[in-house]
Amino acid sequence: MTTDIDVRVCEVGLRDGIQGIDQFFPTDKKKAWIRSEAAAGVPEIEVCSFVPPSVSGQFVDCEEVIEDALTLEGLEVSALVPNLRGAQRGFATGVHKLSFVLSISESHNQANVRCSREDSLEQFRQIAELRNSTPENKKVTLGVGLATALGCTIEGQIDPGEIVRIAERVLELGADELSVSDTVGYANPTQVRDVYRLLRRHLGDDVLLSAHFHDTRGLGLANVHAALEEGVRQFDASLAGLGGCPFAPGASGNIVMDDLVFMLEAMGLNTGVDIDALVAVREIVAAGLPEEPLLGAIAKAGVPKGFIPAAA
Ligand code: ZN
């Protein structure tokens, strides 16, 4: 189902979406969310974050959630790791992909993972070494999320040269793909275009660059369009726009997965996702988090009359 897709979408609601929510999302409902969204055709789901329970109580069930997700055929199962300890737990589960998070902003990195960027780079070096240590680990894709690449609530504007510098370092150390992350929703489409062009110029055409946008200031899908025009074909989003960062004050939800899929499909870009089946998954989220507001225009308005999905 995912072989002939034009644009790959990755669900991050089970990680980014719930990490800052106090109410525990029940494990059985997490599994149901993953199963239903995979059945709707979403090719990749970031199912948890290997942070200690002191950082977020949402992820005490990582191992159990991953074990269940790995039984779903065709789904790429990924997890976020903030450090070597998290990666050790991640490798032990047999997860397909680990996404290491590192902030371009020094202050945000200190707040988010409580160490300097240099220390984070050293952790990532050790993670890459661990990945290369056994045939089992070698199968695991290593992504790096370049957080606050497009703006930071502590430092404000970010020097694009710093994105290039850190990107080059993590690629040298063994990263397979990079996600340019607008953690706090500061970016605009012109900035997005310029940053991807700059990265392409320095990193070449072969490096897989994905995009992780938040809709904090309403420019999320405009930024997706700008990234599409620069050749980006992989986007994070969260169902119903859940999300935020506990250490980035004011950061609200990720771009809405349902609206993203609608936009891409309406533009003739096949995502492999069935919109009606996707929208139906919102009921599981609503049942698991009854107090959280669910965002999204398509769930409210429905697709336009005469709408034809890209694959049709
Ligand atoms: Zn995020």
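This is a predicted model: local features need pLDDT of at least 70, side-chain atom pairs count only at pLDDT 80 or more; totals for chains, interfaces and linings use all residues.
Student: What makes helix α11 mostly covered?

Tutor: Helix α11 spans residues 257-266, and nine of its ten residues are buried, among them Met257, Leu260, Phe262 and Leu264. The charged residues Asp258, Asp259 and Glu265 are also buried. After the helix comes Gly268, whose phi is positive, near 90 degrees.

Student: How do you know that Asp16, His212 and His214 are donors of the zinc ion?

Tutor: A donor must be an N, O or S atom within 2.8 Å of the metal, and the OD atom of Asp16 and the NE2 atoms of His212 and His214 lie 1.9 to 2.1 Å from the zinc ion, so these atoms count as donors. Along the chain the donors follow the spacing D-x195-H-x1-H. Asp16 in helix α1 (residues 13-17) and His214 in the loop between β7 (208-213) and α10 (220-229) are 198 residues apart, and the pair links distant parts of the chain.

Student: Why is Asp16 called buried, and why is His214 called buried?

Tutor: Buried means under 20% relative accessible area; Asp16 has 3% and His214 has 2%, so both are called buried.

Student: What kinds of residue make up the lining of the largest pocket?

Tutor: About 620 Å³ of space lies in that pocket, and of the 43 residues that line it, the closest to its centre are Arg15, Gln19, Leu80, Val101 and Asn112. The lining divides into 17 nonpolar, 18 polar and eight charged residues.

Definitions and conventions: Residues are numbered from 1 along each chain as its sequence is written. Side-chain values use heavy atoms; hydrogens and water are left out. Donors are N, O and S atoms within 2.8 Å of the metal (3.2 Å for Na, K and Ca); water is not among the atoms, so sites may look incomplete. Helices (H or I, at least four residues) and strands (E, at least two) are DSSP runs, numbered from the N terminus. Buried means under 20% relative accessible area, exposed over 50%, partly exposed in between (1.4 Å probe, protein chains only). On a 1 Å grid over the protein atoms alone, a cavity is a set of points where a 1.4 Å probe fits but cannot get out, and a pocket is an open set with protein on both sides within 12 Å along at least five of seven lines; lining residues have an atom within 4 Å of a point. Grid points are joined across faces, edges and corners, and a volume is the space filled by probe spheres set on the points.
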